[in-house]
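Here is a short briefing on one protein model. Look over the sequence and the structure, then read the points below.

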Amino acid sequence: MRNHPVAVIAPPAAIAALVCWVICWIAGVAPLTAVIPSVVGGLAVAATLWVKAPQWALAALGARPLARGEYPRLENLVDGLCTTHGFNRPSLHVVETPAINAASAGRRELAAHLILTRGALMELDRLELEAVVARQLCEIRRGVAIETARASVARIPGIGALAAHLSTGATGDDRVTDIDIEAVRLTSYPPALASALSKAEAAADLRASDAADHLWLAAPQGAGPAAGTRPSMAQRIDLLGEI
């Protein structure tokens with residue numbers, strides 16, 4: 001349950017329910033009677049966090065939709081990988097920054113979002129970009145609902161610390177490196193992803209965002225606890241070199 005969206009959404013929903021109960025109690029409503037509006041309030045908060053999670057995650061990343069035909073090389077790579085390996089095609093978004101990075105968000109695979117920075121689109125060669133896209137598609141297929149839910153919860157004032165606590169382990173070493181390995185097995189060329197990771201580390205850095213740090217392929221410098229525990233970029237690159 002810890003690595004399930006419910007584990008992320010439940011605490012703020014419970015807090016909202018408690019606040020509703022206290023307000024009702026102060027207003028003179030009988031404690032048992034106050035349970036009904038409290039439950040309704042908590043469920044309303046939970047539903048909002050879940051429904052709005054992808055939208056708020058994209059906002060936290062600073063992403064905008066990539067217009068059809070705006071970057072045909074990316075569209076061709078995505079279409080080719082989806083057709084060849086059976087991925088569901090995500091919507092494509094761009095973050096206007098020279099940093100080289102990528103992210104994924106969405107409640108389910110059929111309505112997921114693939115996000116790339118302008119730096120990645122401009123600076124990565126075809127093989128490197130294919131490797132990064134393949135990795136993000138693998139991550140989407142594994143599921144990014146909990147990461148997306150955490151981005152939604154982290155935007156609530158006063159919930160940042162709770163979101164950071166809940167994020168621990170969900171983007172840890174095993175998940176990150178397992179997805180790296182899964183991606184290069186699809187492309188059959190580990191050096192391409194290793195090179196992309198190296199370029200991401202050397203390029204201009206992203207503006208850190210507590211709500212979105214954990215969504216990025218390469219965690220921004222100065223990322224807080226919400227980014228989770230990850231292997232270093234050097235460890236990831238070394239592992240790819242052993243395949």
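The side chains of arginine 142 and glutamate 182 meet in a salt bridge, 3.0 Å from N to O. A salt bridge here is a side-chain nitrogen of Lys or Arg within 4 Å of a carboxyl oxygen of Asp or Glu. This is a predicted model: local features need pLDDT of at least 70, side-chain atom pairs count only at pLDDT 80 or more, and totals for chains, interfaces and linings use all residues. Residues are numbered from 1 along each chain as its sequence is written, and side-chain values use heavy atoms, with hydrogens and water left out.

**Overall make-up**
- The secondary structure comes to ten helices and four strands. Helices (H or I, at least four residues) and strands (E, at least two) are DSSP runs, numbered from the N terminus.
- Along the sequence, the pattern reads α-α-β-α-β-β-β-α-α-α-α-α-α-α.
- The protein has 243 residues, and 49% of them count as buried. Buried means under 20% relative accessible area, exposed over 50%, and partly exposed in between (1.4 Å probe, protein chains only).

**Salt bridges**
- The structure holds 13 salt bridges.
- Arginine 142 sits in helix α5 and glutamate 182 in helix α8, 40 residues apart. Arginine 142 is partly exposed at 43%, and glutamate 182 is partly exposed at 22%.
- One network of salt bridges with shared partners joins Arg135, Glu139, Glu147, Arg175, Asp180 and Arg236.
- Within it, arginine 175 and glutamate 139 form a salt bridge of 4.0 Å, N to O. Arginine 175 is in helix α8 (residues 173-187) and glutamate 139 in helix α5, 36 residues apart.
- Arginine 175 is buried at 17%, and glutamate 139 is buried at 11%.
- Lysine 199 forms a salt bridge with glutamate 128, with the closest N and O atoms 2.9 Å apart. Lysine 199 lies in helix α9 (residues 190-202) and glutamate 128 in helix α5 (residues 126-142), so the pair ties together parts 71 residues apart in sequence.
- Lysine 199 is partly exposed at 29%, whereas glutamate 128 is buried at 4%.

**Helix α1**
- Helices α1 and α6 (residues 145-154) pack at an angle of about 20°, with axes 8 Å apart. The axes are lines fitted to C-alpha atoms, for helices over the stretch in contact, and angles run from 0 to 180 degrees between N-to-C directions.
- The two helices, α1 and α6, are therefore roughly parallel (angles under 35 degrees count as such).
- Isoleucine 26 lies in α1 (residues 5-26). Isoleucine 26 is exposed at 62% relative accessibility.
- Valine 19 is also placed in α1, and is partly exposed at 42%.

Methods
Angles under 35 degrees count as roughly parallel, over 145 as roughly antiparallel, 65 to 115 as roughly perpendicular and the rest as oblique.
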